[in-house]
Amino acid sequence: MKNYLVLTLIIAIFFVLALNLKVGDMKSFYEPSEILAENGSINMVSAIVLDYRIYDTFFEILVFTVAIIGISEFIGKIPTVAPDDQQIKYDTPIIKVITPIIFQIIVLISLYIAITGHIAPGGGFAAGTILGTGFLAVSLVRPTDEIENLFVKSKIEKLKMLVPLLIILYGLLGYTWGGTIFSNFHLQGSPGKLASGGSAILLNFLIYFEVFGGSWTILYRFLKHKGLL
């Protein structure tokens, strides 16, 4: 019964999105002056990805989520090796000391790139990849069972599946402030200011979390099946 409800919800959402597409209003190019006036983002790529071409971005996130779920379920059915066989020992003190320090810097850099993605190079995709790479580095110097406990307690594997639903909710709320699905809401601030991109910050953070959650899920699954894949 639950599967039928989910399927019905997905079909309903698809028709809601499809019926609200305005094909005649779509453009193949945008002038910088138009982007600044309509979106407020200095980064034109971010403005196009998170506003004018948000449908493309949403389905990219949806495909990414489905792919991560499929890989996770497939690898999860493979028998795991004993914890003792999974350990990798690094005798170099430099790696053990420097990696945790670098990880904190990586977290700050990824947050900065996610926050300022609409006014500078970056965005949610790049920031999520950077943070996932940071966790990969930490996993090389920490025990596998510690990484596993962190993964299970964080519930990242389940939480990341909420991101597409939150993006859909944001799109539906666009009716309240713009009259169309995925309408960008504008905050105060001139172009170049942090609040100038409107909902770009929100969408960048959702994408940031989704990309990080997906890469972290794959990393965890490979750690659990080390030597078998």
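Of the 229 residues of the protein chain, 37% count as buried (buried: under 20% relative accessible area; exposed: over 50%; partly exposed: in between; 1.4 Å probe, protein chains only). This is a predicted model, in which local features need pLDDT of at least 70 and side-chain atom pairs count only at pLDDT 80 or more, while totals for chains, interfaces and linings use all residues. Residues are numbered from 1 along each chain as its sequence is written, and side-chain values use heavy atoms, with hydrogens and water left out.

**Figure 1. Overall arrangement of the chain.** The protein chain has 11 helices and zero strands; helices (H or I, at least four residues) and strands (E, at least two) are DSSP runs, numbered from the N terminus. Among contacts between residues at least 6 apart in sequence, 75% join residues at least 24 apart, where contact means heavy atoms within 4.5 Å. The UniProt record, an unreviewed entry, places the feature "transmembrane region" at residues 58–76, 97–115, 121–141, 162–182 and 202–223. UniProt positions follow the numbering used here, feature names are shortened, and annotations may be inferred rather than shown by experiment.

**Figure 2. Helix α6 and its bend.** Helix α6 (residues 93–115) comprises 23 residues and reaches 34 Å from its first C-alpha to its last, close to the 33 Å expected at 1.5 Å a residue; the expected span is 1.5 Å times one less than the number of residues. At Thr99 the helix bends by about 30°, and a proline, Pro100, follows within four residues. The bend at a residue is the angle between axes fitted to the seven residues ending there and the seven starting there. Buried positions in α6 are Thr99, Phe103, Ile106, Ser110, Ile113 and Ala114, and their cover includes α7 (124–139) and α11 (200–224).

**Figure 3. Two of the annotated spans.** Residues 97–115 are 100% helix and 0% strand, with end C-alpha atoms 29 Å apart. For residues 121–141, the chain is 76% helix and 0% strand, and the end C-alpha atoms lie 31 Å apart.

**Figure 4. Helix α11.** With 25 residues, α11 reaches 36 Å from its first C-alpha to its last, close to the 36 Å expected at 1.5 Å a residue. Because 19 of its 25 residues are buried, α11 is largely enclosed by the rest of the structure.

Figure 5. One cavity of 30 Å³ or more is counted, and the largest cavity holds about 30 Å³ of space. Its lining consists of Leu50, Ile54, Thr57, Phe58, Ile167, Leu203 and Ile207. The elements that give two or more residues to this lining are α4 (54–76) and α11; the largest share, three residues, comes from α4. On a 1 Å grid over the protein atoms alone, a cavity is a set of points where a 1.4 Å probe fits but cannot get out, and lining residues have an atom within 4 Å of a point. Grid points are joined across faces, edges and corners, and a volume is the space filled by probe spheres set on the points.

**Figure 6. Surroundings of Ser41.** Ser41 is found in the loop between α2 (32–38) and α3 (44–52). This residue is buried, with a relative accessible area of 1%. Leaving aside neighbours within four places in sequence, Ser41 is in contact with Ile35, Leu36, Ala47, His118 and Gly197.

Figure 7. Ile119 belongs to the loop between α6 and α7 and is partly exposed, with a relative accessible area of 23%. Its C-alpha atom is separated by 8.8 Å from that of Gly40, 79 residues away along the chain. Apart from neighbours within four places in sequence, Ile119 is in contact with Ile42, Asn43, Gly192, Lys193, Leu194 and Ser196.

Notes. On a 1 Å grid over the protein atoms alone, a cavity is a set of points where a 1.4 Å probe fits but cannot get out, and a pocket is an open set with protein on both sides within 12 Å along at least five of seven lines; lining residues have an atom within 4 Å of a point.
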